[in-house]
Amino acid sequence: QVRLVESGGGLVQAGGSLRLSCAASGRTFSRNAMGWFRQAPGKEREFVATIIWSARSSYYADSVKGRFTVSRDNAKNTVDLQMNSLKPEDTAIYYCAVTREYSGNYYLIQSDDYEFWGQGTQVTVSS
């Protein structure tokens with residue numbers, strides 16, 4: 001059974017940093033794209049970042065570009081999201097996600113592209 005577990009969320013002041021981690025179990029995802037999404041209260045889930053299977057390339061939403069960095073360790077089956085210069089508008093529940101199959105070198109930014117999801121971790125940025 002596939003399971004994704006996020007950790008690292010919490011409360012931080014504006015301008016601060018947090019590092020989210022997502023550990024996958026149940027199968028190996030070394031050939032799958034991995035991504036991060038977030039959902040703020042009253043809003044739809046939105047794309048944050050994605051990293052291709054080889055970790056050689058990643059893509060970000062404009063709102064986080066230059067502040068967030070996504071990375072992965074295929075040996076450990078993990079994907080991380082380093083978040084710097086946090087803003088109150090970054091407050092949301094953050095979810096990691098993995099595609100079902102090999103995804104090539106495409107940047108997948110739609111929720112429907114991903115098959116497996118974590119339960120989410122809360123990030124709150126105070127002003």
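The accessible surface of the protein chain amounts to about 6,600 Å². Carbon and sulfur atoms hold 45% of this surface. Areas were computed by the Shrake-Rupley method with a 1.4 Å probe; for residues, only the protein chains shown count as cover. The model is predicted: local features need pLDDT of at least 70, side-chain atom pairs count only at pLDDT 80 or more, and totals for chains, interfaces and linings use all residues. Residues are numbered from 1 along each chain as its sequence is written, and side-chain values use heavy atoms, with hydrogens and water left out.

The protein chain contains 11 strands and zero helices. Both element types are DSSP runs, numbered from the N terminus (helices: H or I, at least four residues; strands: E, at least two). In sequence order the pattern reads β-β-β-β-β-β-β-β-β-β-β. The radius of gyration is 13 Å, close to the 14 Å given by the globule rule for 127 residues, so the protein chain is as compact as a globular protein of that length. The radius is taken over C-alpha atoms, and the rule is 2.2 Å times the number of residues to the power 0.38. The C-alpha trace spans about 40 × 25 × 25 Å along its principal axes.

Of the 127 residues, 45% count as buried. Buried denotes under 20% relative accessible area, exposed over 50%, and partly exposed the range in between (1.4 Å probe, protein chains only). Contacts were also examined by sequence separation (contact: heavy atoms within 4.5 Å). Among those between residues at least 6 apart in sequence, 62% join residues at least 24 apart.

One disulfide is present in the structure. The term covers a pair of cysteine sulfur atoms within 2.5 Å. The bond joins C22 and C96, with 2.0 Å between their sulfur atoms. C22 belongs to strand β3 (residues 18-25) and C96 to strand β9 (residues 92-98), so the pair ties together parts 74 residues apart in sequence. The link of C22 and C96 is right-handed, with 45° about the S-S bond. Both C22 and C96 are buried.

D62 sits in the loop between β6 (58-60) and β7 (68-73). Its relative accessibility is 64%, so D62 counts as exposed. D62 and S111 are 49 residues apart along the chain, and their C-alpha atoms are separated by 17 Å.
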